[in-house]
Amino acid sequence: MNIDGIYSPKDMTDILNIGDSTLRKWCIALEEQGYYFGRTENNKRLFTDNDLIVLKHFRQLVQVQN
């Protein structure tokens with residue numbers, strides 16, 4: 001559920017139409033390059049509108065690179 005521009009991993013997989021494992025892999029790949037995702041106290045990722053833009057762009061790059 002989107003609350004004030006904050007998305008859960010489930011929200012992101014629904015919006016991007018990808019699986020949980022794909023989202024996880026993409027996040028790890030971005031984090032390895034220095035990208036930062038916010039996290040809860042339980043160390044679960046939280047996503048913002050900016051993260052959504054980045055992940056949509058990442059999806060386009062993955063599709064082009066195949």
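Trainee: Which residues touch the most other members of the largest nonpolar core?
Mentor: Keep in mind that this is a predicted model. The largest nonpolar core has 13 residues, and M12, L16, L23, F37, F47 and L55 are the ones that touch the most other members.

Trainee: And which elements give two or more residues to this core?
Mentor: Those are α1 (9-16), α2 (20-32) and α3 (49-65). With four residues, α2 gives the most.

Trainee: Let me pick F37 from your list. What is F37 in contact with, leaving aside its neighbours within four places in sequence?
Mentor: F37 is in contact with C27, L30 and E31, and also with R45, L46, F47, D51 and L55. Two of those partners, F47 and L55, were in the list of core residues that touch the most other members.

Trainee: Switching to α1 now. Which of its residues are buried?
Mentor: D11, M12, T13 and L16 are the buried residues of α1.

Trainee: What covers them?
Mentor: The cover includes β1 (6-7), α2, β3 (45-48) and α3.

Trainee: Okay, and where does a polar atom of the T13 side chain find the backbone oxygen of K10?
Mentor: The two lie 2.9 Å apart. T13 itself is found in helix α1.

Trainee: Which residues is T13 in contact with once neighbours within four places in sequence are left aside?
Mentor: I18, G19, D20 and L23.

Trainee: New topic: what follows α1?
Mentor: N17 does, and its phi is positive, near 60°. N17 is not a glycine, yet it has that positive phi. You'll find N17 in the loop between α1 and α2.

Trainee: Is N17 buried or exposed?
Mentor: Exposed, because its relative accessibility is 69% and the cut-off for exposed is over 50%.

Technical notes. Residues are numbered from 1 along each chain as its sequence is written. This is a predicted model: local features need pLDDT of at least 70, side-chain atom pairs count only at pLDDT 80 or more; totals for chains, interfaces and linings use all residues. Side-chain values use heavy atoms; hydrogens and water are left out. A nonpolar core is a set of buried Ala, Val, Leu, Ile, Met, Phe, Trp, Tyr and Cys residues joined through side-chain atoms within 4.5 Å. Buried means under 20% relative accessible area, exposed over 50%, partly exposed in between (1.4 Å probe, protein chains only). Contact means heavy atoms within 4.5 Å. A polar contact is a pair of N or O atoms within 3.5 Å; within protein, one must be able to donate a hydrogen and the other to accept it, and residues adjacent in sequence count only if both atoms are side-chain atoms.
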